[in-house]
Amino acid sequence: MPETPDANRDSSDQSAAVVAGGGLLDDNLFAGHSDSMSQLIDVLGGKVVDDLSGLQPDADFLRRFGIAYARAHQMIGFISDEGLVVAICDRQGYDHLDIVGRALGRTAKPLLTTEAAIARAINVSYADRNSRAQEVIDTIDRNSLLREVSQLASREDLLDTEGRAPIIRLVNHLLFDAVKAGASDVHIQPYEDRVMVRQRIDGVLFDSFEIPKSVQEEVLTRIKVLGRMNIAEKRLPQDGRATVQLGDRIVDLRIASLPTSHNERIVIRLLDKSARLYSLGDLGMPVHDLERFSELIKLDHGMILVTGPTGSGKSTTLYGSLQKINSHDLNVLTIEDPIEYQLEGISQTQINEKKGMTFASGMRSVLRQDPDIIMVGEIRDSETAVMAIQASLTGHLVFSTLHTNDAASAVTRLLDLGIEPYLVSSSLVASLAQRLVRRLCEHCKQPDGASGPPIPAHLVEELGMDSSRLPGVHRAVGCEHCRGTGFRGRIGLFELLVVDDQCRDLVQARANASQVRAAALQSGMHLLSTDGLLKIHQGFTTLDEVLRVTTL
């Protein structure tokens, strides 16, 4: 929580008012609560605060008492002009005030609040405390921790369960740091003399810190135990899953191991269940494409494909589309692997290939559920493609994804899967290609001073620019808000191909992707690179970022 003069003044005013008996809220707030709580209010003579967000947590309390203790006794300490005040909501918390005061060597005064307010304050306070300590991982604390872990590696008594604690703490800190940094993946990569921990943030890998080679086995074993994997099997790849909690946030882990010449390499995919679910308007889609795409997803039948490599935001676009069109009079079902977000009012099905639940078999079951709209997570084979096309031809609107480089290649990809041209031309409504580029940090980006590099002639013509050089170029600088990278968050680049009569004729003739792309450009389609140049002009990203994911 930021330590500003205003925050400190609010903290002092609120706590002083309650301790002195001059409450901020009416006693009716606790109407319907237990008799013991009412008695506590009567005894203390104070009133109740239901919002603790303006108070500053007491660092000594957070350091001395762990989050488990605070949750168990429903109490948390704050600082004020009156000294230490401890938020409580029941008699149990009141009974522990003396314990807290003696442990901290200060007088602890009670602050009456609600159970929900204490739960929120505990989650926020301990998460903020840990994020400051672990965002970079404080050198002294980290060295101390690694020394403990190194001592464990030299022990011979494998029954010494106390020795596991440092390893568990190390792995927990590793995962905690990744979640707080907004990483999508954590890589545990062994080398000959060290083990490197790396995080993928905004699509780019960064080195986090090194783990001593001497404790490599213990760290890998702990992660495999977390994912319920076979710790004795080190010669074959394995997959595992786990769920961890960070305050009130639930994070799913997808763990994959791979044998290498220097022991197993592990990659952990992080899926934050509480992460923000983006709407279509938040993705950065150009206005002309957004308006057209918003109309297409309201059709009552047909197939719409979103294409791009892994990690290009395809699922986010599909979720945004379903959010926009979902209503009580539509039956929307999805088949996904994995289910990344929970969508209210939509039935979502998880693929389980080990149990025989594939995209193709799932489609057969979904079609018996009287759907209006179906989302298929990915078209991986011809069987799934045939099922999706048949569903779109029988009065259903089908969304799915393909791994292709551009929108036009999605058409030829379906033909390569063995789908007849007449089925593709009859069912496919549109293909949306996309990429993700890192967004310049709003706190530190700076104008580059001069216009950008020359734009290729075909893009100048497509953009309709008078100048052949790109104006409005900004550069990345780096600050504390963006971890010194100059970038914070990502924004999409889009290429929308709408299948019109000319495109259908080309599909019937089995035209290649270049021919389909040329026809789409004549019909008004903008390339990914064109959208990238527009994002540069608007100050959202840099030329290097656009060149990283597209070709001008």
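Me: How many residues does the largest nonpolar core have, and which have the most contacts inside it?

Reply: This is a predicted model, in which local features need pLDDT of at least 70 and side-chain atom pairs count only at pLDDT 80 or more, while totals for chains, interfaces and linings use all residues. Residues are numbered from 1 along each chain as its sequence is written, and side-chain values use heavy atoms, with hydrogens and water left out. The largest nonpolar core has 44 residues, and those with the most contacts inside it are Met303, Leu305, Ile379 and Leu497. Such a core is a set of buried Ala, Val, Leu, Ile, Met, Phe, Trp, Tyr and Cys residues joined through side-chain atoms within 4.5 Å, where buried means under 20% relative accessible area, exposed over 50% and partly exposed in between, with a 1.4 Å probe and protein chains only.

Me: Which helix gives the largest share of this core?

Reply: Helix α15 (residues 407-416) does, with six residues; helices (H or I, at least four residues) and strands (E, at least two) are DSSP runs, numbered from the N terminus. Apart from this core lies another, of 30 residues, which includes Leu170 and Met229.

Me: And what is Leu497 in contact with?

Reply: Leaving aside neighbours within four places in sequence, Leu497 is in contact with Ala407, Ala408, Ala430, Ser431, Cys503, Val516, Ala520 and Met525, contact meaning heavy atoms within 4.5 Å.

Me: New topic: how many aromatic pairs are there?

Reply: The count comes to three, with rings of Phe, Tyr and Trp (its six-membered ring) pairing if their centres lie within 6.5 Å, and planes under 30 degrees apart counted as stacked, over 60 as edge-to-face and the rest as tilted. Phe61 and Phe65 form a tilted pair, 5.0 Å centre to centre with 40° between the planes, and Phe61 and Phe65 are both buried. Phe61, Phe65 and Tyr69 form one aromatic cluster.

Me: What about Tyr319 and Tyr341?

Reply: Tyr319 and Tyr341 form an edge-to-face pair, at 5.2 Å centre to centre and 85° between the planes. This pair links distant parts of the chain, 22 residues apart, with Tyr319 in helix α12 (residues 314-325) and Tyr341 in the loop between β12 and β13 (347-350).

Me: Why does Tyr319 count as buried?

Reply: Tyr319 counts as buried because its relative accessibility is 1%, and Tyr341 is buried too, with a relative accessible area of 14%.

Me: Last one: what do the buried residues of α13 pack against?

Reply: They pack against β12 (332-336), β14 (373-376) and α14 (382-393), and the buried residues of α13 (residues 359-367) include Phe359, Met363 and Val366.
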